[in-house]
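Read each task, have a go yourself, then follow the solution step by step.

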Amino acid sequence: MKIRLDNVVKTFDTFRAVHGVSLDIESGELLALLGPSGSGKTTILRMVAGLEYADGGHIYFGTEDATDIPVRDRGVGFVFQHYALFPHMTVSENIAFGMKVSKVKRSPEAIRERVEELLALVQLSGLGERFPGQISGGQRQRVALARALAVDPRVLLLDEPFGALDANVRRDLRRWLRRIHDELGITTLFVTHDQEEALDLADRVVILDKGMIVQQGTPEEVCRHPENAFVMRFLGDANSLPATVRDGMAYVQDVAYDAAGLADGTAEVLFRPADVAWREDGQGVPAHIVRVLDRPDSRRVLAKTTGGQSVEFDTAPEFPHRKGEAGFIDVRRPRIYKNG
Amino acid sequence: MKRRVLPGLPLSLGITLVYAAIIIVLPLIALVFKAASLGPADYWRIISSDRAVASYVVTISCAFVATLFNLVFGLALAWVLVRYRFPGRRIVDALVDLPFALPTAVAGISLTTLFAVNGWFGGPLSALGIKVAYTPLGIMIAMAFTSLPFVVRTVQPVLEELDPTLEEAAQTLGGSDLSIFARVVLPLLTPALLAGVSLSFARSLGEFGAIIFIAGNQPFETEITALLAFIRLEEYDYPASAAIASVMLIAAFVMLAVTNLLQARALRYTVRN
């Protein structure tokens, strides 16, 4: 099912949570809404579900205008961050809930069969008689997914689905969710503030800030071509050096970077910690080493430029230099953005 | 004895046990001894006399109706107080405790005045042919009035803690308001409702002050068990009074046991493997 958001607006009291967001989600796509807290990503998800009504704009499911369809008739599967399993029902009863309250009557045998099928899908066969309080967090989230899938939703919505889980469990569940999605081909929209999760899992990532879309594209597109400093910073560690743009060149202290197309004025040069070479031959921004941190597969160097800016970069474990030594920071893939 | 970090266990436990023994257990033992001094035949004759049995029927049936009323109305009141924000909510919330704070005799006299044939409510009601004061209906109203806070105050905190995403989840799964209430909300409130109902019922069984003013106290019709025990007491027939009181005591114990059993059943899901 193709989902389309057309200029959707939501305001809480006086706080405008979502400013005119338009978005197309292709049928069968796995799309991530990525943003910091307060960026409106969860509000957008809840409006698609019908758990909030949009104050303006339209939401289409296929060609049908779903904007005013109440949540119970919208046919969405929703997975909550904290599972929201019914604590007084067994795992099987939780999964069967949607089928039992449905207007479409199903025989008890048909329901039991479908529950078994879903338990097998989420790899929890044999745990059907347990209560949610008796299984682990990762298992609970899989039950929540099975429960959402039981009603054959037109679209699957997940609100920070792995947010409450341990890092290891989270990585496993992520890969597993991708497999399930590929198997079922259901249009899926999920919300996260974890860029690694979004890039790992999604076909396409929509990055939000302050209730607006700042960039959307495949993980490759947003990683390789961040359109502004916010996206660059949000997707991973980034160093920043102040620069001045003159005649299509950006100058950091005495070092020039190509800034073709940028108007003259102040700007900032952003770069990843991995995109730095430490040199002693005078090429790059002069700096000295403040600290060296050791990690299993690399060394992270904290340095300070002669202009007083802090810079962090990663080097091979063999990096021989020590605290206090002077050298030059050679930036390999600088990204230059105008200020403001 | 193992060393503990928290101080004061022997002292506080000692005080607690002594206090419980003196205030709760001792009077009950005295009551049982007094009743036991009768001998089985006399005991049975007193507690199974027509007048006593009639008083049990009046007390239990009225308490049952009053509790049923409080179950529905108390749940609704707790629901409104927890789920909605409206002007005067805090005043209503404070009013709920009034039946606890008010001397029961005051409650009884006010209710009698209101529901007497010439009272504000009694007048119009008697025009409709409904008599409240000096009938079992009056007893029910007095019982419902004095025991209302129990259901509200036991359900309220549980309702406040009820995760709203459970209801949202049920909605996304297609549940109607009624099915969500019946299948999700009510089962989760059941333990609290049972606790509230059992307290409310117990209080109604034992209520005295509020009832005797409005009941009319006609033997076989509107005489409650507590009053019968009191009448025997005034006749200096202490053993008979104790015998009747022991029946109420047994009823209270049985009811507590049954509620605990039901509560344990309703809370099965919280037991971990």
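**Exercise 1.** How many bridges join strand S3 of chain A to strand S8 of chain A, and do they run parallel or antiparallel?

*Solution.* Before starting, note that this is a predicted model, in which local features need pLDDT of at least 70, side-chain atom pairs count only at pLDDT 80 or more, and totals for chains, interfaces and linings use all residues. Residues are numbered from 1 along each chain as its sequence is written, chains are lettered from A and ligands numbered from 1 in the order in which they are written, and side-chain values use heavy atoms, leaving out hydrogens and water.

Step 1: Find S3 at residues 30-34 and S8 at residues 188-192 of chain A. Strands (E, at least two residues) and helices (H or I, at least four) are DSSP runs, numbered from the N terminus.
Step 2: Count 5 bridges between these strands, which run parallel. Two strands pair if DSSP finds at least two bridges between them.
Step 3: Look at A:Leu34, which stands opposite A:Thr192 in S8 of chain A.

**Exercise 2.** Which strands of chain A stand at the edges of the sheet?

*Solution.* Step 1: Write down the order of the 6 strands in this open, mixed sheet of chain A: S6-S7-S8-S3-S9-S10.
Step 1: Strand S6 (76-79) and strand S10 (212-217) of chain A stand at the edges; each has a single partner strand, so one side of each is left without a neighbour in the sheet.

**Exercise 3.** How many helices and strands are there in chain B?

*Solution.* Step 1: Chain B has 13 helices and 0 strands.
Step 1: Compare this with the record: an unreviewed UniProt entry lists "domain: ABC transmembrane type-1" at residues 56-259 of chain B. Such annotations may be inferred rather than shown by experiment.
Step 2: That stretch, residues 56-259 of chain B, is 79% helix and 0% strand, with its end C-alpha atoms 20 Å apart.
Step 3: Residues 180-201 of chain B, one of the stretches that the unreviewed UniProt entry annotates as "transmembrane region", are 100% helix, and their end C-alpha atoms are 28 Å apart.

**Exercise 4.** Is B:Ile29 buried, partly exposed or exposed?

*Solution.* Step 1: Locate B:Ile29 in helix H1 (residues 9-36) of chain B.
Step 1: Its relative accessible area is 39%.
Step 2: Buried means under 20%, exposed over 50%, and partly exposed in between (1.4 Å probe, protein chains only). B:Ile29 is therefore partly exposed.
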